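Please open the model in your viewer and keep the selection panel at hand. The stops below are meant to be taken in order.

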Amino acid sequence: MTTLAPPPAPVQEGRHRASAPPVSRARRLLTGSSDDPRWARPALWAILVLAVALYAWNLSSVTGNTFYDAAVYSGTKSWKAFFFGALDSGSFITVDKPPFALWVMGLSARVFGYGTWQLLLPMVAVGTGSVALLYRMVKRDFGAVAGTIAALALTLTPITVAITRDTNPDPVLVFLMLLGAATLMKAVRTGRLMPLVWSGVAIGFAFNTKMMQAYVVLPAFFLVYLWAARTGLGRRIRNLAVATVALVVSSAWWMVVVDLIPASSRPYIGGSTDNTVWDLVIGYNGFGRIFGASSSVGSQGNGASFGGEAGLYRMFNSIMGGQISWLIPFALVALIGGLVLRGRAPRTDAKRAALLLWGGWFVLHYLTFALAEGTFHPYYVTAMAPGIAALAGIGGVQLYQAFKEGAAAKWAWVLPAAIAVSTVWAVVLLQRVSGSGTVYTVAEVVAGVAGAVAVTGLLLGRFTKRQRLTGIAALAAVVALLAGPAAYSASAATSSTNGTNPTAGPSTGGMGGGMGGGGGQRPSGSGGPGGTSSTSGTKGSTSGSTDSGTQSTGEPPSGTGSTGESRSGRTAGGMGGGSQVSSAMITYLKKNQDGATWLVAVATDQTASSIILESGQPVISMGGWSGSDNAMTLAKLKALVKSGKLHYIVVSSDGGQSTNSEISTWVKKNGTAVSAYSGLYRLDASDVS
């Protein structure tokens, strides 16, 4: 067992600390602390440049998730739509998530104009910021080597590269959770209240990015502070109570404001059953994700169409394995070994507190995602990546030190065994896709050879007392464990992705997606914006669609995709399930809009978002994402038509879903069919009895 150094003295961060001159601060930013190794800051800058390159490479090939793209575009046209996160600028219905990530992208689009890079610029920024923040946190307690390994591991996490090149809200969520973790650890080290309060605020903003997913880390946060903070038990409990209030307020303020506004004065809350954000929180975006049932849309199934069957093995299956599992074996050994090594440390030991934080982060996310019976997309697990990366960096350093210095013979085998198991798993993952390209074959050879060199070199170096050989073996271990993720990440950065269900690397079967593929499709009949011409469309764009925003003029793109099909030239799901919405129809609708607020009303978000992006006009989604939202009633429809705010409605030839049958029947009876376009009807005030 290695000898533990005495705990560091409490960090004095009082207001009277002298500030460094601006020139000194700038130099330190570039070169690092004088206590750092000379290579440390250049290595960090190299990793950050790599992160930017992976996240921002060839952005013109990125389509993004048209569901969120349309909401961002609508927010640039209306501050009301911006605040509520409405899908359309007329603010008829919201998307099924809180709006903070939309606000971030929307502000960028308002400043720089609407387009692909304008929406993705904040994602690249927060993704790179997460790498820098993780480096700082790990380095603070475990040194520059651990911080560098952790930052590199996060940068090369395949699913993180894929999702950061997309307009889903997850990169913003991860960054805010890391901010919460950073301020939590500051509170642990100093015993002060305010850092803990700011931690609660950061998680509150994360809640307003993706609701209950932001709370997955909270048990670890509470445990770490309650156990390790440098203050008495009574003060720890009091501080946690105050921080909890800050968490609740920063989480609930938008929900409370929205739910207090009369329903007639705001959009319908997409995904809810009773037009409240609270129902969305506990239903569709809450327990429905975990238990496979949502009060909004009924059973969500077991998620097999996205990330495989729920179960402890899910993270290692053919869909998820290449996205996130590369370093999981090493992270588990690192967590257990690190806690054993810190076993006799004082309660306030910062290193053990960090291990508990990152271990809790990893384990809680793993169990949540692996066992979730509801809708599950592979890109959700990007939230797990910081925990894995941190444990890889921390474990690499701690196990290496124990390997070199530990008197107990068992420590001579822990690090080599961890590297061996992780290398074997990397080779297995790469063999799964060995026929998908030379890069994966090369990565398999590199991983296998480097892993063998690492294990052999470590053992020989220890027993022959050759430190140089041990150091070379350690570098070989890093190559072995990151060769596979690097190949997948490079593929994610250089290939067009599925905007709905972005994944890295080649397709491995199932519905999990893959580069340039149509993976991640929703089950038949559920629909989603920006999908292919099918009622099993996806919540985003797949191959055959044009880029959602290569222009920077503030107007949405128009035209056809590479197949000659319009972005909106797809089958409308739900009530519009039998109708084709083409570019020609959109041109007709714009020509005959006659001052209406909304261009047309369609069944689902999938069709509405595509038309919004092509036409630049507000479009009503009557049934929300799944087509089963109660956003549109017959009385509301009649009022809109009578006031002249809506003239055109798309319905299916068979009456559509049963929940909309009353509207469908009334439209067909009272409206005038536009013969050139199947399923399109015109209604005027005179048609309302």
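Predicted model: local features only at pLDDT ≥ 70, side-chain atom pairs only at ≥ 80, totals over all residues.

Residues are numbered from 1 along each chain as its sequence is written, and side-chain values use heavy atoms, with hydrogens and water left out.

**Stop 1: the largest cavity**

Select Leu196, Gly200, Leu218, Phe222 and Ala243, which lie nearest the centre of the largest cavity among its 13 lining residues. Helices H10 (194-210), H11 (218-228) and H12 (233-260) are the elements that each give two or more residues to this lining; helices here are DSSP runs of H or I with at least four residues, and strands are runs of E with at least two, numbered from the N terminus. A cavity is a set of points, on a 1 Å grid over the protein atoms alone, where a 1.4 Å probe fits but cannot get out, whereas a pocket is an open set with protein on both sides within 12 Å along at least five of seven lines, and lining residues have an atom within 4 Å of a point. The largest cavity holds about 110 Å³ of space, the volume being the space filled by probe spheres set on the points, with grid points joined across faces, edges and corners. The count of cavities of 30 Å³ or more comes to ten. By class, the lining of the largest cavity has ten nonpolar, three polar and no charged residues, where Ala, Val, Leu, Ile, Met, Phe, Trp, Tyr, Cys and Pro count as nonpolar, Asp, Glu, Lys and Arg as charged, and the others, Gly among them, as polar.

**Stop 2: H11 against H12**

Next, show H11 and H12 as a pair: they pack at an angle of about 150 degrees with their axes 9 Å apart, the axes being lines fitted to C-alpha atoms, for helices over the stretch in contact, and the angles running from 0 to 180 degrees between N-to-C directions. H11 and H12 are therefore roughly antiparallel, given that angles under 35 degrees count as roughly parallel, over 145 as roughly antiparallel, 65 to 115 as roughly perpendicular and the rest as oblique. The residues in contact (heavy atoms within 4.5 Å) include Leu218, Phe222 and Trp227 of H11 and Leu233, Arg236 and Leu247 of H12. This contact of H11 with H12 divides into nine nonpolar, two polar and one charged residue.

**Stop 3: the second largest pocket**

Move to Val145, Ile149, Gly396, Ala474 and Val478, the residues nearest the centre of the second largest pocket, which has 31 lining residues. Two or more lining residues come from each of H6 (116-142), H7 (144-155), H18 (385-405), H19 (411-432) and H21 (467-494), and H21 gives the most, with nine. The volume of this pocket is about 730 Å³, and its lining has 21 nonpolar, six polar and four charged residues.

**Stop 4: H19 against H21**

Keep H19 and H21 selected, since their axes lie 9 Å apart at an angle of about 25 degrees, which makes H19 roughly parallel to H21. Among the contact residues are Ile419 and Leu430 of H19 and Ala477 and Tyr488 of H21.

**Stop 5: H22 and H23**

Select residues 583-591 (H22) and 605-615 (H23), whose axes are 11 Å apart at an angle of about 65 degrees; H22 and H23 are therefore roughly perpendicular to each other. Ser583, Ile586 and Lys590 of H22 meet Ile611, Glu614 and Ser615 of H23.

**Stop 6: Ser89**

Finish at Ser89, in the loop between H4 (79-84) and H5 (100-112). The C-alpha atoms of Ser89 and Pro618 are separated by 5.3 Å, although these residues are 529 residues apart along the chain.
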